[in-house]
Amino acid sequence: MSVSENRSITLVGGGLVGSLLATGLARRGFDVELLERRPDMRKSQHSAGRSINLAVSARGIHALRELGLADEVLSRGIPMKGRIMHSPSGELTYQPYGVEDWQCIYSISRGELNKQLLTAAERTGRVQVEFESRLKSTRLQAAGVELELDSGDGSPVRRLKRARVIGTDGSASALRRATLDRASGHCTEDLLDYGYKELTILPGRNGEFRMDRNALHIWPRGNFMLIALPNFDGSFTCTLFLPYEGELSFARLTNPAEVRGFFETHFADTLPLIDDLEGTFFANPTGHMVTVRCSTWHAGSESLLLGDAAHAIVPFFGQGMNSGFEDCTEFFAALDSGLAWKDLFSHMSRTRVDNANAIAQMAIENFLEMRDRVGDAQFLREKALEKRLQIRYPLDYISRYSLVSFSRVPYTVALEAGIKQAGFLRSVCEPGLDPAQMDIEALGPRILAEIAPVTRTHLPEGLKP
Ligand SMILES: Cc1cc2nc3c(=O)[nH]c(=O)nc-3n(C[C@H](O)[C@H](O)[C@H](O)COP(=O)(O)OP(=O)(O)OC[C@H]3O[C@@H](n4cnc5c(N)ncnc54)[C@H](O)[C@@H]3O)c2cc1C
């Protein structure tokens, strides 16, 4: 059946990706039923989930822009132009993310964004959001999809029969198993042996930011780290990433004195800033992080997974939501080309699985980089040289970070470019060499031969704002 013959669709999960997808479908004339487990966050005090703020970059901004929502969202975002590393003795090192002023990522409130997207979806007049509707089980058959729902409060189970369903129900997706079983697919769910804990730096007395507001702050400590992102109200949300077990781990921080001692030793400069350290530490849950890789994202024309439901990744490249929004961009482009449901769903598996696996890998690599390397002298030398190369060869040397965050080239291309760039930087940036003094004209032929070909066909004119 072609898409135009059936204009209604059911989505499970009204988080970031589900509500964006619902809006785009409704704008194309679909009637959307959006089933969401939680109560309406616009009416309740319920927080919108795990991290309080997140970084939106080119792929996410593009998806928002296509729906005319980018200006509204970014008007309450804080541009972050680079990262500031805090050494154990409190020294600061700044590393810009890009080489031009527009090359920044934006810190935005996750809860506000989710609310804005739900409102945008409802504003279309075609999206019916059913809150407190939790998918419990699914039967997928060629004849249709049977969904079993409850409200999570012990009330009777509701049963629905629909032609097809799209799962945007996050990393612990209730639709994933049924979809993969029906498609004879498989998936892996790798839990990182690190947890995270959120803490807060409140604004100053006059509402001012108490650290540089236009940067992502990192306290890299080898095996663990703390980061902080600015919020619109002058506060910062800090996230401590720490192993669950071991010498320095959550398991060893069992009382207020241990937490204070740990911060005094490793993050002393944050102690005057963090609000109610011990109280918040024990009040906030320890979050976990998982990488989900699925061999396929769809089953026939009945079921499709998008966003974290299909490809949850660890948060260290700030790309989970961005890649989920990019799924929507790809979905809408394929939908607009007139594909039948089955072809549309299989198109998504065909075009997105490898890209999702590529950003999953880069996110793990970035974890190691942020945790271990950002304070390391060799790494800083390589980054300093890379910056010079980007300025001198803007069409031919575009760093992996820039490809991921400031462009929409496939993640697979960014991964390949990154491998070549890392090898190149390592080979030329010998210990003891000052990157500021290196003859970068002499490196031109190698850049043209080894680095440029990977990205030239995708970005013939280099990065554009
Ligand atoms: C610490 C941390 C920091 C992060 N930082 C960034 C960042 O800086 N940039 C970035 O791009 N990404 C970031 N991410 C990743 C980002 O949060 C996710 O990729 C994004 O939220 C995925 O959106 P989603 O809609 O697919 O899933 P979710 O946002 O998880 O939404 C899923 C929705 O489905 C609902 N649901 C779940 N189960 C059911 C069910 N059975 N029935 C009905 N409804 C259900 C949930 O209530 C929820 O509303 C971060 C993640 C973490 C953990």
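Colleague: Which residue follows helix 9, and what is its phi?

Modeller: G338 follows helix 9, and its phi is positive, near 90 degrees. Keep in mind that this is a predicted model.

Colleague: What follows helix 5, and what is the phi there?

Modeller: That one is S184. Its phi is positive, near 55 degrees.

Colleague: And which residues of helix 5 are buried?

Modeller: R176, A178, T179, L180 and A183. Helix 5 covers residues 176–183.

Colleague: Where does E132 lie?

Modeller: In the loop between strand 8 (127–130) and strand 9 (134–141). E132 is partly exposed, because 16 other C-beta atoms lie within 10 Å.

Colleague: Now D276. What is phi there, and where is the residue?

Modeller: Phi of D276 is near 45 degrees, again a positive value in a residue other than glycine. D276 sits in the loop between helix 6 (256–266) and helix 7 (277–283).

Colleague: Is D276 buried or exposed?

Modeller: Exposed, because D276 has 11 other C-beta atoms within 10 Å. The cut-off for exposed is 12 or fewer.

Colleague: Back to helix 9. How many residues does it have, and how far does it reach?

Modeller: Helix 9 runs over residues 320–336, which is 17 residues. From first C-alpha to last it reaches 25 Å, close to the 24 Å expected at 1.5 Å a residue.

Colleague: Which of its residues are buried?

Modeller: In helix 9 the buried ones are G320, M321, N322, S323, G324, F325, E326, D327, C328, T329 and F331.

Colleague: What do the buried residues of helix 9 pack against?

Modeller: Helix 1 (16–27), strand 3 (53–56), helix 2 (58–66), helix 8 (308–311) and helix 10.

Colleague: Take the helix 1 and helix 9 pair. At what angle do they cross?

Modeller: Roughly 20 degrees, and their axes come within 9 Å. That angle is under 35 degrees, so helix 1 is roughly parallel to helix 9. The crossing is right-handed.

Colleague: Which residues make the contact between helix 1 and helix 9?

Modeller: Helix 1 brings L16, V17, L20, L21 and G24. Helix 9 brings M321, G324, F325, D327, C328 and F332. By class, the residues of this contact of helix 1 with helix 9 are eight nonpolar, two polar and one charged.

Colleague: How does helix 1 pack with helix 4?

Modeller: At an angle of about 25 degrees, with the axes 8 Å apart. That makes helix 1 roughly parallel to helix 4. The crossing of helix 1 and helix 4 is left-handed.

Colleague: Which residues meet there?

Modeller: From helix 1, L16, S19, L20, A22, T23 and A26. From helix 4, L113, N114, L117, L118, A120 and A121. The contact of helix 1 with helix 4 has nine nonpolar, three polar and no charged residues.

Colleague: Which residues make the contact between helix 10 and helix 13?

Modeller: D354, N355, A358, I359, Q361 and M362 on helix 10. On helix 13 they are Y411, T412, A414, L415 and G418. The contact of helix 10 with helix 13 has six nonpolar, four polar and one charged residues.

Colleague: Which residues of helix 13 are buried, and what covers them?

Modeller: Buried in helix 13 are Y411, V413, A414, L415, A417, G418, Q421, F424 and L425. Their cover includes helix 10, helix 11 (377–392), helix 12 (400–406) and helix 14 (444–456).

Colleague: Last one, E189. Where does it lie, and what does it touch?

Modeller: E189 lies in strand 13, residues 187–201. Leaving out residues up to four places away in sequence, E189 touches V290 and V292. E189 and R293 are 104 residues apart in sequence but 6.7 Å apart in space, C-alpha to C-alpha.

Terms used. Residues are numbered from 1 along each chain as its sequence is written. This is a predicted model: local features need pLDDT of at least 70, side-chain atom pairs count only at pLDDT 80 or more; totals for chains, interfaces and linings use all residues. Two residues are in contact if their C-beta atoms, placed from the backbone, lie within 7 Å. Helices (H or I, at least four residues) and strands (E, at least two) are DSSP runs, numbered from the N terminus. Ala, Val, Leu, Ile, Met, Phe, Trp, Tyr, Cys and Pro count as nonpolar, Asp, Glu, Lys and Arg as charged, and the others, Gly among them, as polar. The expected span of a helix is 1.5 Å times one less than its number of residues. A residue is buried if 20 or more other C-beta atoms lie within 10 Å of its own, exposed if 12 or fewer, and partly exposed in between; C-beta atoms are placed from the backbone. Axes are lines fitted to C-alpha atoms, for helices over the stretch in contact, and angles run from 0 to 180 degrees between N-to-C directions. Angles under 35 degrees count as roughly parallel, over 145 as roughly antiparallel, 65 to 115 as roughly perpendicular and the rest as oblique. A crossing is left-handed if the near helix is turned anticlockwise from the far one by less than a right angle, and right-handed if clockwise.
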